[in-house]
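This report is for a reader meeting the structure for the first time. Please look over the sequence and the model shown here before reading on.

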Amino acid sequence: MKSYNFKKIEKKWQEKWKKDKIYNSKDFVRGKKNFYHLVMFPYPSGDLHIGHWYNFAPADVYARTKMMQGFNVMSPMGFDAFGLPAENAAIKRGIHPKDWTYKNIETMTSQLKSMGNMYDWNRKIITSDPEYYKWTQWMFLQLYKHELAYKKKAAANWCPKCHTVLANEQVVNGKCERCEAEVVQRNIEQWLFKITKYADKLLKDIDKVDWPEKTKIMQKNWIGRSEGALIKFKISNSQFSIDVFTTRVDTIFGCTYVVLAPEHELIRQLAEKIENYNEVTKYIDDAKRKSELQRAELEKDKTGVKLEGVMAVNPFDNEEVPVFTADYVLGHYGTGAVMAVPAHDERDFEFARKYDLKIKQSVSGGKPEDKLFTEDGILVNSGKFTGLLSEKARKEMGKWLEKKKLGKRTVKYKLRDWLVSRQRYWGSPIPIIYCPKCGIVTVPEKDLPVLLPKVKNYLPTEEGKSPLAHSKNFINIKCPKCNGPAERETDTMDTFVCSSWYYLAYVMRGISNFQFPISKYQKAFKRWLPVNMYVGGAEHTVLHLLYSRFFTKALKDFGYVDFKEPFMSLRHQGIILGPDGQKMSKSRGNVIDPDELVKNFGADVVRMYLCFMAEYSQGGPWNPTGIMGIKRFLEKVWKLADKVKPNVPHKGLTFVLHKTIKKVTEDIENFKFNTAISSLMILVNEMEKQPALEVKNWKLIIHLIAPFAPHLAEELWQSLGHKKSIFLSTWPKYDSKKIKEEKVKLVIQINGKMRDIFEVSVGIKEKEAKVLTLKRENVKKWIGNKAVKKTIFIPNKLINIVI
């Protein structure tokens with residue numbers, strides 16, 4: 001055959017795939033089971049980088065294999081176009097966010113098509129298209145209708161550089177995840193989704209999905225279910241009391257002070273009783289300037305102020321204890337108040353030592369000299385509960401609280417409601433109207449979408465309002481109920497709202513142009529959903545993945561879908577580092593440009609190297625010379641075509657062929673693409689040794705190569721006279737009878753030390769193995785004249801001669 005011209009061949013097949021529409025998925029194909037394969041769609045904030053390729057190309061290998069295995073595969077692509085990434089990039093360049101976004105979508109679409117992936121472009125979605133975000137607004141209205149969306153004034157994470165509110169999940173080490181500015185706290189009117197209502201379901205159902213264990217654990221920890229007790233500490237000489245939540249009621253006899261979060265409402269209510277109120281309010285103001293993560297940091301120096309003149313009463317022993325406010329206690333977690341037990345809690349212990357507070361042991365179990373013991377143990381100095389084990393004590397003390405009506409056993413969650421308001425321009429408008437007469441009014445479904453106007457001034461404002469607040473044409477509207485003057489909501493929605501339902505949108509796109517009502521899509525939902533395989537980054541574990549699960553469960557409760565989980569299987573890709581082992585960045589000069597790689601080597605080589613360079617879930621540093629090895633390998637495969645002859649006699653390739661089919665099939669299923677390619681390399685090397693290749697065997701290797709190098713495989717397949725795409729043919733199956741090992745290597749040990757190794761027949765009996773072993777010259781040398789005391793035999797593996 002002629003030399004492999006990848007530029008010509010890849011262009012040819014990409015055009016043919018588009019013309020033949022072989023990747024355009026139909027909702028129903030007789031005799032085929034639907035398989036929904038999905039990769040996380042990208043932000044159109046710039047060019048496609050090598051990280052995108054690493055997410056998308058190996059995942060496409062899996063999708064193509066499923067197609068060849070007889071499934072009706074849908075593998076769609078779209079763009080997560082709203083939100084801060086695109087808006088910040090546009091502002092930096094002085095371009096309107098819409099112009100910047102859609103220009104990038106055009107570029108990235110072209111780049112994505114150059115990969116040769118089997119995307120169904122007929123189902124493409126763009127979350128900033130009005131036809132898409134009218135459904136995002138519809139979702140908001142359904143949540144509001146079912147009392148899962150509400151507005152309130154509360155403390156929020158504020159990024160002073162992005163001029164917007166951030167969800168807790170978007171604050172990393174006290175900084176904005178986008179611009180890395182220090183986050184501060186502000187009291188702002190904001191919309192929230194009541195995700196906390198689904199905390200139990202989110203926790204319970206996570207074990208029903210095939211997800212990486214680490215991802216499940218991270219979600220469980222983020223939801224943070226805690227079983228404990230709610231205890232009432234009365235304030236001495238007052239009508240007020242402090243409700244404290246604790247998971248360790250067994251330590252309560254060691255309580256020596258109580259702590260309130262700086263934002264706790266009780267502090268204001270006790271103002272007249274607090275003798276140092278000015279000092280307390282100054283501390284509260286300082287706390288507002290810290291993010292929650294800064295406040296909760298275990299290593300940070302613990303600070304606080306005593307509420308002079310205020311004492312709380314321990315309900316178990318009626319002892320009075322002082323009350324403090326300290327920023328290491330968070331207002332939203334538990335009740336915003338804790339009973340401090342310095343002898344049995346590390347943070348309380350550090351605080352008590354700093355402020356010279358009493359440390360009183362109530363649970364024993366550590367070393368006698370230990371002042372701090374945080375594990376379960378045996379209760380001491382605990383009245384009638386002394387001598388009980390911690391677990392038993394918690395049950396008995398819970399019952400006692402309930403009997404005395406001083407508290408109750410309960411469950412609390414760390415999870416907070418999802419804050420969805422954003423004071424930015426580039427997002428879906430919130431479909432809410434404020435009427436002086438009717439109050440909060442929802443936009444009628446027939447009036448959706450509430451269009452995002454293309455304003456000149458789209459920059460965020462210093463006062464914390466959305467740029468839409470300056471657009472009179474947008475704000476002023478007639479109330480849908482009374483027809484009187486009213487105003488629109490000017491905040492836009494968090495971009496994660498758009499991506500929380502997009503997996504439904506691809507299914508909807510296959511039916512109509514996103515028309516209402518939702519009932520017309522429910523038959524298709526049943527055919528395709530939930531998603532069979534979802535592939536994307538682990539960084540979305542407590543953001544997109546959690547929010548999508550919440551949306552799904554809510555939509556099921558509303559009767560719109562019939563499944564509980566959106567993604568039944570999930571796989572994460574690792575991170576590709578620069579050749580220097582560092583994270584890629586332009587400032588380091590270690591960025592790999594995929595467009596250049598495609599230009600120099602072709603898409604098939606780039607795809608296959610990304611599959612081969614590392615275990616997919618781990619990633620690793622880019623090796624500039626490694627890609628040359630894959631280039632040479634594919635050239636070798638191409639040249640094998642010259643060896644293909646009709647009626648070639650069987651030359652002993654059967655064993656390695658069927659072994660490779662088994663290995664490659666299993667490895668692709670398990671996302672072990674690197675070891676699948678290693679097996680292919682071994683097979684190709686064996687084929688190279690043959691003077692000629694049988695057509696049947698040549699077809700098998702083309703099939704196995706096809707998911708990794710689709711353009712090359714199509715060309716080789718066509719050269720054999722096939723008119724239809726190789727991806728419309730059947731994936732090969734191995735014959736288990738043909739991969740049975742006939743010979744194995746038996747290790748010989750003398751007194752437990754390896755002295756020899758030789759080949760024997762599979763299933764050899766101990767008696768025969770011993771005879772053959774003792775005849776070997778190397779064994780005779782080590783045994784000499786010594787008698788054999790016993791023989792230890794492990795079938796097909798080892799024989800140990802003890803002398």
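In which sense do strand β32 and strand β33 pair, and over how many bridges? The model is a predicted one, and in it β32 (residues 743–750) and β33 (residues 753–761) are paired in the antiparallel sense over 8 bridges. Within this pairing Gln 749 stands opposite Met 754 of β33, and the hairpin that the two strands make has 2 residues between them, with Asn 751 taking a positive phi near 55°.

Strands of a sheet pair through backbone hydrogen bonds, and the sense may be either parallel or antiparallel. The parallel sense is found in an open sheet of 4 strands, whose order is β2-β1-β26-β27; its edge strands, β2 (72–74) and β27 (570–571), each pair on one side only.

| Pair | Sense | Bridges | Partner residues |
|---|---|---|---|
| β1 and β26 | parallel | 3 bridges | Val 39 and Val 535 |
| β3 and β4 | parallel | 3 bridges | Gly 78 and Ile 125 |

Strand β3 (residues 76–79), which runs parallel to β4 (residues 120–126), is covered on both faces, with Pro 76 and Gly 78 buried on one side and Met 77 and Phe 79 buried on the other.

How values were computed. Residues numbered from 1 in each chain as written. Predicted model: local features only at pLDDT ≥ 70, side-chain atom pairs only at ≥ 80, totals over all residues. Heavy atoms only, no water. Pairing = 2+ DSSP bridges. Buried < 20%, exposed > 50% of the residue type's maximum accessible area, 1.4 Å probe, protein only.
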